[in-house]
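Here is a short briefing on one structure. It covers ring contacts, nonpolar cores and the ligand shell.

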Amino acid sequence: MTVIEESKEFVERLITGENLPLFTSCCPGWVKFAENKFPDMVDNISTCKSPQQMFGAVIKEYYKDKDKKEGKETIMISVMPCTAKKAEAAREELQHNGVRDVDVVITTQELALLIREAGIIFDQLEEESFDMPFGLASGSGIIFGATGGVTEAVVTRLLRDKPDHSAKDILFSNVRGMDNLKEAVFNVDGKEVKIAIVHGLKSADELIKQIKAGERHYDFIEVMACPGGCIAGGGQPVPMNKEMRKERAKGLYKLDRTSHIKSSEKNPLVMSLFEDILKDNHELLHVHKKAEAEM
Ligand code: SF4
């Protein structure tokens, strides 16, 4: 959902030329940093809710009628890579009709502790599938966890009608890997588009200062607060070093390679949601009050 909405928003901004560069909004650590340090750039951040918040809002909307009929309440619990996601879920503007999109957030470390405390031995559990209809994920969604993953998914979507090589040439050579700053240029409908990817707030800070000084120019910028992206989030299992980050990223790319559904628009669940509850329901996936919000 994030890929589809963010690509759409990016194309709209390219056409109007407003609020460029477009910054990604998936990482609440980055969003809060921007609000504090660069409030004049908040309008440049995508209005898309983060994947956590989109998923929560959609789940609650999806089960709304059933809950009402059966006198039940759907509670959304996220398992996340960092504590910034807990603060994000508590933001006032991330509620819909007074109901929080996400009720509870636990980190992956906390989940591991709970599993141990409950005496569950994962290796001995029988394999089973995810619950449907929300258990279908695309490779595009999986790679969000590594720096460059959001950009790769968005560019793949923008270039979906172009020959295969045009997307692959850019993506695999430029957006993957652990360099502090990665750059790529590609063409959308005759317009040259320049993208940058940074991870770690020090790198983001330096890049924005250079943009403000007129030393650099981009149309799309992905920022992840944690070096390496969510694979190295503060709530993830430790210890963490450069090699481990690379290994975790490799793991995600392997899952992407072997996933049956590669891109967001090939995910039948996502597309059916856009034809159903997401039709004319813009506020479920977007937020417009970042600057005023408190975390
Ligand atoms: S990059 Fe870090 S702070 Fe940002 S969402 Fe991922 S784990 Fe959380």
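The charged end of R176 sits over the ring of Y253, 3.8 Å from the ring centre. A charge counts as over a ring if NZ of Lys or CZ of Arg is within 6 Å of the ring centre and within 35 degrees of the ring normal. This is a predicted model: local features need pLDDT of at least 70, side-chain atom pairs count only at pLDDT 80 or more, and totals for chains, interfaces and linings use all residues. Residues are numbered from 1 along each chain as its sequence is written, and side-chain values use heavy atoms, leaving out hydrogens and water.

**Aromatic pairs**
- The whole structure holds seven aromatic pairs. Rings of Phe, Tyr and Trp (its six-membered ring) pair if their centres lie within 6.5 Å; planes under 30 degrees apart are stacked, over 60 edge-to-face, and the rest tilted.
- F23 and W30 form a tilted pair, because their ring centres are 5.1 Å apart and their planes meet at 45°.
- Both F23 and W30 are buried (under 20% relative accessible area; exposed is over 50%, partly exposed in between; 1.4 Å probe, protein chains only).
- Y63 and F134 are also tilted, with centres 6.2 Å apart and planes at 55°. This pair links distant parts of the chain, 71 residues apart.
- Y63 lies in the loop between α3 (51–62) and α4 (64–70), F134 in the loop between α6 (108–117) and α7 (139–142). Helices (H or I, at least four residues) and strands (E, at least two) are DSSP runs, numbered from the N terminus.
- Y63 is partly exposed at 23% relative accessible area, whereas F134 is buried at 16%.
- Ring pairs join F55, Y62, Y63 and F134 into a cluster.

**Nonpolar cores**
- The largest nonpolar core has 40 residues. Such a core is a set of buried Ala, Val, Leu, Ile, Met, Phe, Trp, Tyr and Cys residues joined through side-chain atoms within 4.5 Å.
- F23, W30, F186, I195 and I221 have the most contacts inside this core.
- Another core, of 21 residues, lies apart from it and includes M80, F134, F274 and I277.

**T24**
- T24 sits in the loop between β1 and α2 and is buried at 1% relative accessibility.
- Leaving out residues up to four places away in sequence, T24 touches E6, W30, I45, V150, F220, I221, E222 and V223 (heavy atoms within 4.5 Å).

**Ligand shell**
- Around the ligand are C27, P28, P81, C82, K85, M224, A225, C226, C230 and G233 (a heavy atom within 4 Å).
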